[in-house]
Amino acid sequence: MTRVLEVHDLEKNFGGVVAAHNINVAVEIGETIGIIGANGAGKTTFVNMVTGYLKPSSGRIEFMGKNVVGLQPRDVTKLGLCRSFQVPQVFLSESIFDNMMVAYGIAERSGLGLFAPLHTEERAAKVDAQLKRYQIDDYRDMAASALPQGVRKLLDIAMATVRNPKLVMLDEPTSGISVEEKFGLMDIIMQALREEETTVMFIEHDMEIVERFVDRVWAFYQGQVICDATTAEAMKDEKVREFVIGQEYHPAHVEGGVHA
Amino acid sequence: MNRLFDKTFWGLTIGLVGLLALNFFLEEWMRSIGLQSLSRGCVAIGLLILWRTGLVSFGHALFFGFGAYTVAMMQILGVNDLFVLLICGMATAGFLAFFLGFLLRKYRAIFFALLNMAFSMILYGVLAKAEWLGSTDGFGVKQVSFIGMTPADDMYRPLLFVCAAFFAYISAVGAHWYLKSTLGMMTMAVRENEIRVEYLGYSAEKAIHVKYVLSGLLAGVGGVIMAVTVGHVDPDSMVYWPVSGDFVFITILAGTGNVGATFIGALVYELLRTYAFEFAPHLWQLILGGSLLLIIMFLPDGLWSIRSELRNRRELRQAKRDSDNRAAEVRR
């Protein structure tokens, strides 16, 4: 398998605060990676560095074999590395449909001609297909500001993936979503992304979600990756249990049981 | 319907034909008001584009004045053809906007608004102080020729009006088509969420820069029309900050819903000012201020919102009729 992403010796300091230290990780094509860690562990900083929003203090980030350190988010996006946000970043005043139209308009090269109208039937068809894929077509004409949180999150991800990225990083896709809805939401997201054969990496606090959807876990603690292992191994890892999960988490199968 | 030739396009076209027809009957003072409305309308379209991007400029008299002064300076150099002057005026205003854009694209909100004003006041100061730039007296602007033709005296103003109407028409249609394109819709995108724009793969600053240059070009067109219309350029009537305020006034008055409304707004503003000055020479500012207050209180989205308001009411009435009919059928 080829590597989508390789990160070497990544460091980031904000003044005296170490936000990333000695991060060395890699992602294979088709993998699903779960990033876990307490608040302030450096998860979002990591995503921000990989997608060009923050410049690392030192280190190398290679996406599809190309060094992306120093590139702007827009350049990284164009290479095929996209992200969603913990707080959905959408065009609040507009309908879901128009949000997606603009997203496709910008993503398509041909969309940017002078006087090339935004609204074309071809583009509308693409938008509707994407809305269906993320199962938010029922909200098509509703303003983004009026949407339920879960739908807005799906819209954010649907907009992030209009370029059919090779790797997508989801920053807490289920934050702010009720417990009952979380699994349904993740099912929709993962199904849609697998349809496009996208490699996925997501930040998540809910260990049940991690166990269900993730192949491999990176556990962050104080800016360092303290564990890079398969999900089952990570859940048993002592450091992960102490610093990330906390002692109150005791799912049956860690003690040797089977998935309920 | 073809996507480019939509209702607004035909509306503007009918407006142009109407103006050309009216031209035969207009009194000279009316024609003057018309010319000034067309001139300010062009500038206000530029402000509309910025407004939709979430930016307000309190200093577009800078580009307006640049266009106007270009006319005077080019005449001194011996260029006297309206079309050449127009291209020169647009070019100088556009280049200025292009250079200033590198700085202004980094600023938003009140900083953007006032930085524009600062630049316009710098130009004002330079023009007012420099003897060779006419100082506070400015320059006179001679009668222009039209592609080499010099019409008879009684045909000069009507012909000027025809040209101005065409310039404004082309500006309006161009701006309208642009705003419907993906690049034009970027105005909304940048206003609503720059982070999303970046992560879709486009530079928000670049988008703002392009819109700034467009607004500069349009202000240049307005400046050229104004200089030729009033036959004189001076710092106080072309570059001083209240001139920028006029454009903001028109934009608020017209609303940002449609480029056609901008010209209606410009005309209403011109009439308001003319009549306020005529009937209450000591209170005309009060009348203008009062009208602005009323607009903001009762029509915060400008004149254009009257139209959507009427349409909503019509639809409501229609819906009510439909439900009444259905109820009647059920009873039957």
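Trainee: What share of the 260 residues of chain A counts as buried, and what makes a residue buried?

Mentor: In chain A, 43% of the 260 residues count as buried. A residue is buried if 20 or more other C-beta atoms lie within 10 Å of its own, exposed if 12 or fewer do, and partly exposed in between, with C-beta atoms placed from the backbone. This is a predicted model: local features need pLDDT of at least 70 and side-chain atom pairs count only at pLDDT 80 or more, while totals for chains, interfaces and linings use all residues. Residues are numbered from 1 along each chain as its sequence is written, and chains are lettered from A and ligands numbered from 1 in the order in which they are written.

Trainee: Which strands stand at the edges of the six-stranded sheet of chain A, and why?

Mentor: The order of this open sheet in chain A is 6-7-8-3-9-10, with mixed pairing. Strand 6 (81-83) and strand 10 (224-230) of chain A each have a single partner strand, so one side of each has no neighbour in the sheet. Strands are DSSP runs of E with at least two residues, helices runs of H or I with at least four, numbered from the N terminus.

Trainee: What makes strand 6 and strand 7 of chain A a pair?

Mentor: DSSP must find at least two bridges between two strands. Strand 6 and strand 7 (residues 167-170) of chain A have three bridges, in the parallel sense, which meets that cut-off of at least two. Within this pair, Met169(A) in strand 7 of chain A is opposite Arg83(A).

Trainee: Where does helix 9 of chain A lie?

Mentor: Helix 9 (residues 238-245) of chain A lies across strand 3, strand 9 and strand 10 of chain A, at about 125° to strand 10 of chain A. Such angles run from 0 to 180 degrees between N-to-C directions, with axes fitted to C-alpha atoms, for helices over the stretch in contact.

Trainee: How many residues take part in the contact of chain A with chain B?

Mentor: Chain A gives 28 residues and chain B 20 residues. Residues are in contact if their C-beta atoms, placed from the backbone, lie within 7 Å. On the side of chain A, helix 3 of chain A has the largest share, five residues.

Key. Contact = placed C-beta atoms within 7 Å.
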